[in-house]
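User: I would like a close look at one part of this model. Please take me through it step by step.

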Amino acid sequence: MNYWNKEIECAPRSEIEALQSYRLSLTVRRVYENVAPYRQKMDEARVRPEDIKSIADLNKLPFTTKQDLRNNYPYGMFAVPSSEVVRIHASSGTTGKQTVVGYTAHDIDVWAECAARALVDVGGTKDDYVQVAYGYGLFTGGLGMHYGAEKLGATAIPASAGNSMRQLEMFRDFGTTIICMTPSYAISLIELMHENGFKKEDFRLKAGLFGAEPWTEEMRKQIEEGLGLKAYDIYGLSEIMGPSVSTECQCQCGMHICEDHFIAEVIDPDTLEPLPPGKQGELVFTCITKEALPLIRYRTRDIATLVYDKCECGRTLVRMLKPQGRTDDMLIIRGVNVFPSQIESALLSVDEKATNYLLVVDRVNNLDTLEVQLEMRPDMMQMGDDVKNLERYTRRVKNAIDSAIGVGVSVKLLEPKTLARSMGKAVRVQDNRAIKNKFEKK
Amino acid sequence: MLIDQISVFVENKAGRLASLMEVLHNNGIDIRAMTIADTADFGILRLIVDDTQKAIDALKSDGCTAAVTKVIAFTVSDMPGSLYSVMKIINDNAINVEYLYSVMGRNEGRADIVIRVDDTDKAIKALTDGGVNLICKSDLCK
């Protein structure tokens, strides 16, 4: 088993906590002195920097939300003067107005360290060719993994997202061994492979880091089979840093968080109380080494569980179990909380190839409706040309989803290639209720 | 004895059938028989054409989902009771009909019927033994 930084990745829990406590107290002092909104929040909560001596004091601190970043758009939460900031990124705007984040030279270096760890987690070495097919630009995915690959000493291939045929040709011609992209883009590349006569044997891929959107075990199987590699989950968000806040190791049993840089908590999103290890709740991060934007108790809206057991890979860093979805992504259908990832999981359990789908939410006669639109594939006509067979298929899909989410859905078959293909985060949900509300208000 | 029939998945939306017909027209395909099975959301268009492979290629390159199915065709005299006598043979042999449709007639005094059953081999034998006049595609496409 290889490690990038064994000393910290395999450190005893007591040492990790001591380091976190020390770094936390310094960070809190620094934000209190340099970030006006934090000083105000802490004064309102009657917390003084000297009250925070260890991680046991963490829950005395107020939370930070995306709204705080929006209220102080663009640079109001920065803890350093602009002369120290060497780069900015902006969130992908998945959930509304984009937010801006900044990095000092040291922050960039820490990020590269975490991304290098991520690559080593999945078996990367300096002999690898790492093709980064996340978008380069304001999105953190591309540059984040790029710096990690260079830090590791591997060969970075800055492909960026898009130009899909070229991606496949690079796999083949450049001898790419590790890829980084969104899981939905990986699926669309597999489709393109089949259409253009590429075989996985044409490639030397061994591992892929897939992140920036939630995905399922069923998709993992499909990507591994389709590309002939091991598929690993990687997690990150621009507010905290970018990809590689946590990454799966080769045991594929949860993502190890870089705890020397980030303290993770799981809270009950309603009561805001911290939950014990093993309980599922909203993930909260505190940055303890960031200079430009050290967010305190940032509420990610992602749902996860923290597991502190030592992993078989030897790492002691806490693992976060795959988010079930984002609290932002959650749909409320007739009063029931529904995560799109639950639907995907049920859908793929019936038909593992059904990866081109769209969830359309609407309101008809004051009743929420959820329609699952599925693209037809040539092999579905081979089931026989009988209407019965297709109806049986849609009924099986419907039953699986209904029982998984507890809400009745309708399933509609579409002709092939009618849904838009994504090169970044896939658009899986179309909520027409929001559009209607907008018009009704006028 | 078996005839190639093309089945095309058709989404239920305005103008879809017209655009499919345009594709066939542009490729000079002659339709000999057709029917549509429809549900609330989609339909399956079934076609027997003069050049099956050409039609399939044209439809697929247009982005359609299409497949070829084997069906049986027979001819009966165009008078009351003749279809009944054929269906009786089918029924007596415990063969299930999945669907059936008639071919656009162009022969005075005779009706051509296309039938899809659950057990094709058994149906061919039963119909032949029963004296039913099975026809092949060249008969259909005269």
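Is the crossing of H10(A) and H12(A) left-handed or right-handed? Please describe the sheet beside these helices as well.

Analyst: The crossing of H10(A) and H12(A) is right-handed. Keep in mind that this is a predicted model. The two helices pack at an angle of about 145°. Their axes are 9 Å apart. From H10(A), the contact uses A:Gln342, A:Ile343, A:Ala346, A:Leu347 and A:Val350. H12(A) brings A:Arg396, A:Val397, A:Ala400, A:Ile401, A:Ala404 and A:Ile405. By class, the residues of this contact are nine nonpolar, one polar and one charged.

Now the sheet. It is open and has four strands, in the order S18-S17-S16-S19 (chain A), with mixed pairing. Strand S18 (410-414) and strand S19 (429-431) of chain A each have a single partner strand, so one side of each is left without a neighbour in the sheet. From one strand to the next, the twist averages 25°.

Strands S16 (residues 357-364) and S17 (residues 367-375) of chain A are antiparallel partners, joined over eight bridges. In this pair, A:Leu358 stands opposite A:Gln373 of S17(A).

Back to the helices. H10 (residues 340-350) of chain A packs on the sheet and touches S16, S17 and S19 of chain A. Its direction makes about 125° with that of S16(A). H12 (residues 387-405) of chain A lies across S17 and S18 of chain A. H12(A) runs at about 140° to S18(A).

Note on methods: Residues numbered from 1 in each chain as written. Chains lettered and ligands numbered in written order. Predicted model: local features only at pLDDT ≥ 70, side-chain atom pairs only at ≥ 80, totals over all residues. Heavy atoms only, no water. Pairing = 2+ DSSP bridges. Axes fitted to C-alpha atoms, helices over the stretch in contact; angles between N-to-C directions. Contact = heavy atoms within 4.5 Å. Left-handed = near helix turned anticlockwise from the far one by under 90°. Nonpolar A, V, L, I, M, F, W, Y, C, P; charged D, E, K, R; others polar.
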